[in-house]
Amino acid sequence: MTLAGWSVCGAALADPPASPAAFTAPVTAPVTAPEDSAPVIIPPLPVATESQARAEAARLAHEMARSVPRYTAYTPAVRERFVALARQQVAAAQVVIDRPQILMVVDRNPRIQALCFVLAFPGDVPWETLGGTPVSTGQSGRKFYYITPTGVFPNTPDRLGYRAEGTKNENGIRGIGAKGMRVWDMGWQKAVKGWRPDHETGDIRLEIHATDPDFLERRLGRPASEGCVRIPAAMNRFMDHYGLLDAQYERAASYDGRFRALLPKDRKPSPIAGDSLVVVDSALPPPVVPLPVASGTQVPERPDITNRGS
């Protein structure tokens with residue numbers, strides 16, 4: 001859907017994760033609150049050891065293979081490519097990996113159109129993959145359809161996602177999936193207008209969502225969206241259940257009822273959950289990684305996290 005020059009895209013699982021008590025986390029200071037209310041304590045993010053993180057990743061990959069149709073673990077060459085592309089994009093965006101965490105990596109290359117979850121570690125610790133499924137990203141050559149931008153896009157409490165109503169458009173299509181499907185809102189982002197030969201850009205509301213289960217889900221694996229990332233319904237449920245991109249939302253749910261209402265009551269958040277969608281393009285040269293700042297050079301203030309990848 002396009003508004004005033006903007007584009008808007010539109011089962012219980014077994015084996016609970018390890019107890020949060022098994023993971024260490026840094027101390028978090030209380031948030032300032034009004035004088036007439038108790039201070040709000042934001043819980044820290046869980047920090048797993050390397051061995052704990054790898055064991056949890058193996059468990060999630062096993063559950064994904066069991067519960068998500070069209071899941072694939074990929075060949076060793078494809079897994080290496082996803083890790084290399086993710087590292088390059090994270091470095092180019094100057095994002096710091098400060099704890100073992102999952103990244104949702106999407107290759108928008110028209111010949112690939114797939115996602116792979118990557119377990120990222122701080123420092124030089126080797127990253128690993130969990131596997132994934134086909135997706136659909138932005139389609140070129142069709143008016144009002146944008147090319148999904150590359151970059152690192154965090155799912156932060158600055159924006160509240162939502163759930164699909166399951167309503168049909170004039171063509172009988174449920175554009176963001178059946179009722180109750182989760183929609184992750186990654187904010188306003190700059191994207192190339194896929195119908196313009198001059199590559200003019202515009203603003204889109206970048207989202208991750210399911211698609212019509214009867215007519216469109218079978219077409220995943222080729223560019224088809226207006227700029228968002230379309231995923232299978234089973235993957236939508238899996239991500240929602242284990243909170244794979246909800247690390248910051250879980251913290252917000254501790255003090256904000258809106259987030260508690262959005263997140264499923266029977267969820268089992270993973271201790272290696274992250275918050276970032278990483279869109280890459282294996283058909284393009286690697287992104288430029290900024291050079292280190294020389295000693296004594298004035299460093300500009302870092303832009304707000306919501307602008308990363310735009």
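Student: What makes strands β3 and β4 partners in this predicted model?

Tutor: Two strands pair if at least two bridges are found between them. Strand β3 (residues 101–107) and strand β4 (residues 114–120) are joined by seven bridges, so they pair, and they run antiparallel. Within this pairing, isoleucine 102 stands opposite leucine 119 in β4.

Student: Which sheet do they belong to, and in what order do its strands come?

Tutor: They are part of an open sheet of five strands with mixed pairing, in the order β5-β4-β3-β12-β7.

Student: Why are β5 and β7 called edge strands?

Tutor: Each of them, β5 (128–131) and β7 (151–154), pairs on one side only. Helix α1 (residues 50–67) lies across β3, β4 and β5, and runs at about 20 degrees to β5.

Student: Let's turn to the rings. How many aromatic pairs are there?

Tutor: The structure holds five. One of them joins phenylalanine 238 and tyrosine 242.

Student: Why is the pair of tyrosine 249 and phenylalanine 259 called edge-to-face?

Tutor: Their planes lie at 80 degrees, which is over the cut-off of 60, and their centres are 4.8 Å apart, so the pair is edge-to-face. Tyrosine 249 sits in helix α4 (residues 247–253) and phenylalanine 259 in helix α5 (residues 257–262), so the pair ties together parts that are 10 residues apart in sequence.

Student: How do you know whether tyrosine 249 and phenylalanine 259 are buried or exposed?

Tutor: Buried means under 20% relative accessible area. Tyrosine 249 has 0%, so it counts as buried. Phenylalanine 259 has 1%, so phenylalanine 259 counts as buried too. Elsewhere, Phe144, Tyr146 and Trp195 form one aromatic cluster.

Student: What is the predictor's confidence in the chain?

Tutor: The average pLDDT is 88, and 82% of the residues score at least 70. Over residues 1–6, though, the pLDDT is below 50. Residues 10–33 also have a pLDDT below 50, and that stretch has 57 contacts beyond near neighbours in sequence. Where pLDDT is low, the predicted coordinates should not be read in detail.

Methods. Residues are numbered from 1 along each chain as its sequence is written. This is a predicted model: local features need pLDDT of at least 70, side-chain atom pairs count only at pLDDT 80 or more; totals for chains, interfaces and linings use all residues. Side-chain values use heavy atoms; hydrogens and water are left out. pLDDT is the predictor's confidence in each residue, from 0 to 100. Contact means heavy atoms within 4.5 Å. Rings of Phe, Tyr and Trp (its six-membered ring) pair if their centres lie within 6.5 Å; planes under 30 degrees apart count as stacked, over 60 as edge-to-face and the rest as tilted. Helices (H or I, at least four residues) and strands (E, at least two) are DSSP runs, numbered from the N terminus. Buried means under 20% relative accessible area, exposed over 50%, partly exposed in between (1.4 Å probe, protein chains only). Axes are lines fitted to C-alpha atoms, for helices over the stretch in contact, and angles run from 0 to 180 degrees between N-to-C directions.
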